[in-house]
Amino acid sequence: MEKKKQNRSRDEAVEKIECYIIENKLAPHTKLPSERDMCDMWNFNRTTLRSAIQRLINENKLYSKRGSGTFVAQPKLIRNLQDLKAFSTLVKENGQTQTNRVLSFDVIESNKKITQKLHIPLGHKVYVLSRLRFIDKEPAIIETSFLDYERFKSLSQHDFSTESLYSVIENEFNVQIVQGQEKIGIAYTSDYEAELLNIEAGHAVFNLSGVTCDGQGEPIEYFKSIVRADKIKFASILRR
């Protein structure tokens, strides 16, 4: 007679699954045993195990494919708020691949907001570069950069679907990005943003804006970003 499954907590089932992943050194995208097998392995009932799996999916530690099973998710990219590394560098250090799609690359006249951020005259020419940035072929960020046209005139000669903006600024223009300011808030995607990021409209995302500066404290770039919260998380180092 089959042993009756014990009525144990979801938290215990979550812990068992996480320990199994660690002990077996399961890499991202590795398939877990079937629900039936995991129930037999740890003597859980199916309802409890499914609840635990769903919680881990909600926490972006697992993902499921209909008809295929449950898989180990790729850990979120962690971005240190006190670090000015290029996004492409951070993704590479996390063992992932990063690609870009240029949405637009235009020259406009500076409005009051841009004038204030870049310390340039009102009506001054400004480059506006908008990119959709991918992690492992999944859209993660909509990023828009504003730069002084006169300072970076030949910027339009570059293909930023393959080149790093920060690398071009530092190597071609000999301008070092050494400091900056950034604000983070919560926003909700428009229909357009949701379509680009492959998520539902009205979904909560991180809303970033800020300025990067050179060694003399002069603004280089004013940027705005919409970031998928399930792909990237932010951290900071606290000191007393």
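This is a predicted model: local features need pLDDT of at least 70, side-chain atom pairs count only at pLDDT 80 or more; totals for chains, interfaces and linings use all residues.
Is Glu138 buried, partly exposed or exposed? With a relative accessibility of 31%, Glu138 counts as partly exposed.

Arg228 has a relative accessibility of 6%, and because buried means under 20%, Arg228 counts as buried. Arg228 also meets Asp230 in a salt bridge, at 2.7 Å from N to O. Asp230 is partly exposed, at 28% relative accessible area.

Now the sheet that holds S6 and S9. Six strands make an open, antiparallel sheet, and their order is S4-S5-S6-S9-S8-S7. Strand S4, residues 98–109, and strand S7, residues 179–188, are the edges, each pairing on one side only. From one strand to the next the twist averages 15 degrees. Within the sheet, S8, residues 204–213, pairs with S9, residues 219–228, through nine bridges in the antiparallel sense. Cys213 stands opposite Pro219 of S9.

Ser154 counts as buried, with 18% relative accessibility. Beyond the neighbours within four places in sequence, Ser154 is in contact with Tyr127, Glu172 and Phe173.

Next, the helices. H1, residues 10–23, packs with H2, residues 35–42, at an angle of about 100 degrees, and the axes are 12 Å apart. That angle makes the two helices roughly perpendicular. On the H1 side the contact is made by Lys16, Ile17 and Tyr20, and on the H2 side by Met38, Met41 and Trp42. By class, that contact has five nonpolar residues, one charged and no polar.

What does Glu35 form with Arg50? The two form a salt bridge, with the closest N and O atoms 2.7 Å apart. Glu35 lies in H2 and Arg50 in H3, residues 46–58, so the pair ties together parts that are 15 residues apart in sequence. Both ends are partly exposed: Glu35 has a relative accessibility of 24%, and Arg50 has 45%.

As for the total, a search of the whole structure finds ten salt bridges.

Technical notes: Residues are numbered from 1 along each chain as its sequence is written. Side-chain values use heavy atoms; hydrogens and water are left out. Axes are lines fitted to C-alpha atoms, for helices over the stretch in contact, and angles run from 0 to 180 degrees between N-to-C directions. Helices (H or I, at least four residues) and strands (E, at least two) are DSSP runs, numbered from the N terminus. Angles under 35 degrees count as roughly parallel, over 145 as roughly antiparallel, 65 to 115 as roughly perpendicular and the rest as oblique. Contact means heavy atoms within 4.5 Å. Ala, Val, Leu, Ile, Met, Phe, Trp, Tyr, Cys and Pro count as nonpolar, Asp, Glu, Lys and Arg as charged, and the others, Gly among them, as polar. Two strands pair if DSSP finds at least two bridges between them. Buried means under 20% relative accessible area, exposed over 50%, partly exposed in between (1.4 Å probe, protein chains only). A salt bridge is a side-chain nitrogen of Lys or Arg within 4 Å of a carboxyl oxygen of Asp or Glu.
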